[in-house]
Amino acid sequence: MDGGGAARVTRTPEDVFRDFRGRRAGMIKALTTEVEKFYQKCDPEKENLSLYGFPNETWEVNLPAEEVPPELPEPALGINFARDGMAEKDWLALVAVHSDSWLLAVAFYFSARFGFDKESRRRLFNMINNLSTIYEVVTGTVKKQSKEKNPNSSSKSNKSSSKKRYSEAESGKLPPSMPSFKEEDDLRESPEDYNDEHDSTLCGACGESYGKDEFWICCDLCEQWFHGKCVRITPARAEHIKQYKCPSCSNTKRAKV
């Protein structure tokens with residue numbers, strides 16, 4: 001197949017955004033809920049390794065592509081070399097920063113490949129910018145930014161108290177303050193139609209807003225929300241947990257030991 005055939009492929013900003021979101025979700029899993037597996041795969045004794053995210057929300061640690069130039073921009077090389085030379089949380093944060101850079105590089109590679117005009121590039125960037133970065137999810141700054149956004153808002157105060165009640169007494173039900181929408185449906189709207197209500201409550205593991213009928217659980221230490229499926233907690237199991245600690249808080253405690 002010649003290069004001209006690839007250039008004629010028609011894709012929209014929404015198509016590229018779905019690719020971005022899938023790759024992002026996979027990389028977030030590697031750095032949060034599946035961090036033990038990721039840590040083991042990043043052996044410093046091995047060759048240059050990179051973290052790859054895929055559109056189907058999976059990830060892998062692998063060697064860089066052999067072809068030059070590669071089909072897609074390459075992620076950061078040698079992430080494994082610093083694993084044992086830094087505190088684990090700092091190393092994960094560093095990998096997260098480079099992962100964010102790679103995702104943007106891939107998205108804008110596609111925008112050039114598919115011939116997006118200025119307006120299409122703006123739409124793509126706005127959709128991407130409405131998601132938290134991998135770095136924000138991994139370091140927990142998503143929650144901090146949400147608190148700082150409306151420090152004097154009574155609705156935010158009500159959400160804080162309703163979160164605690166949900167965590168302690170309403171396991172299995174959706175937080176009453178969360179908006180009823182699915183992100184896929186929201187893509188039909190223009191990026192400007194996203195609002196603070198949609199962004200106010202995000203999963204601390206995958207960084208996504210909630211989907212209808214999904215079970216959520218709140219960490220009793222950092223008070224951050226998580227999809228039950230992202231942290232492998234079912235409604236039945238949640239009822240028997242007196243104090244739930246998310247993977248990040250558990251890892252932090254372990255690192256201090």
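Helix 2 passes helix 5 in a right-handed crossing. A crossing is right-handed if the near helix is turned clockwise from the far one by less than a right angle, and left-handed if anticlockwise. This is a predicted model, in which local features need pLDDT of at least 70, side-chain atom pairs count only at pLDDT 80 or more, and totals for chains, interfaces and linings use all residues. Residues are numbered from 1 along each chain as its sequence is written, and side-chain values use heavy atoms, with hydrogens and water left out.

**Overview**

The protein chain has 12 helices and four strands. Helices (H or I, at least four residues) and strands (E, at least two) are DSSP runs, numbered from the N terminus. Of its 257 residues, 44% count as buried, meaning under 20% relative accessible area (1.4 Å probe, protein chains only).

Two packed helices are described by the angle between their axes and the distance between the axes. Axes are lines fitted to C-alpha atoms, for helices over the stretch in contact, and angles run from 0 to 180 degrees between N-to-C directions.

| Pair | Angle | Axes apart |
|---|---|---|
| Helix 2 and helix 5 | about 30° | 9 Å |
| Helix 2 and helix 4 | about 165° | 10 Å |

The angle of about 165° makes helix 2 roughly antiparallel to helix 4 (over 145 degrees). Their crossing is right-handed. On the helix 2 side, the contact (heavy atoms within 4.5 Å) includes Val16, Phe20, Met27 and Leu31. Helix 4 brings residues including Leu92, Val95, Trp102 and Phe110. By class, the residues of this contact divide into 13 nonpolar, one polar and three charged. Here Ala, Val, Leu, Ile, Met, Phe, Trp, Tyr, Cys and Pro count as nonpolar, Asp, Glu, Lys and Arg as charged, and the others, Gly among them, as polar.

Helix 5 meets helix 2 through Ser120, Arg123, Leu124, Met127 and Ile128. Helix 2 answers with Pro13, Glu14, Val16, Phe17 and Phe20. This contact has seven nonpolar, one polar and two charged residues.

**The cores**

A nonpolar core is a set of buried Ala, Val, Leu, Ile, Met, Phe, Trp, Tyr and Cys residues joined through side-chain atoms within 4.5 Å. The largest has 35 residues. Leu31, Phe38, Leu51 and Ile134 have the most contacts inside it. Helix 4 gives the most to this core, with nine residues. Leu51 touches residues including Met27, Leu31, Phe38, Trp59 and Val95, not counting residues up to four places away in sequence. Apart from this core lies another, of 18 residues, among them Phe215, Cys218, Ala238 and Tyr244.

Key: Buried means under 20% relative accessible area, exposed over 50%, partly exposed in between (1.4 Å probe, protein chains only). Angles under 35 degrees count as roughly parallel, over 145 as roughly antiparallel, 65 to 115 as roughly perpendicular and the rest as oblique.
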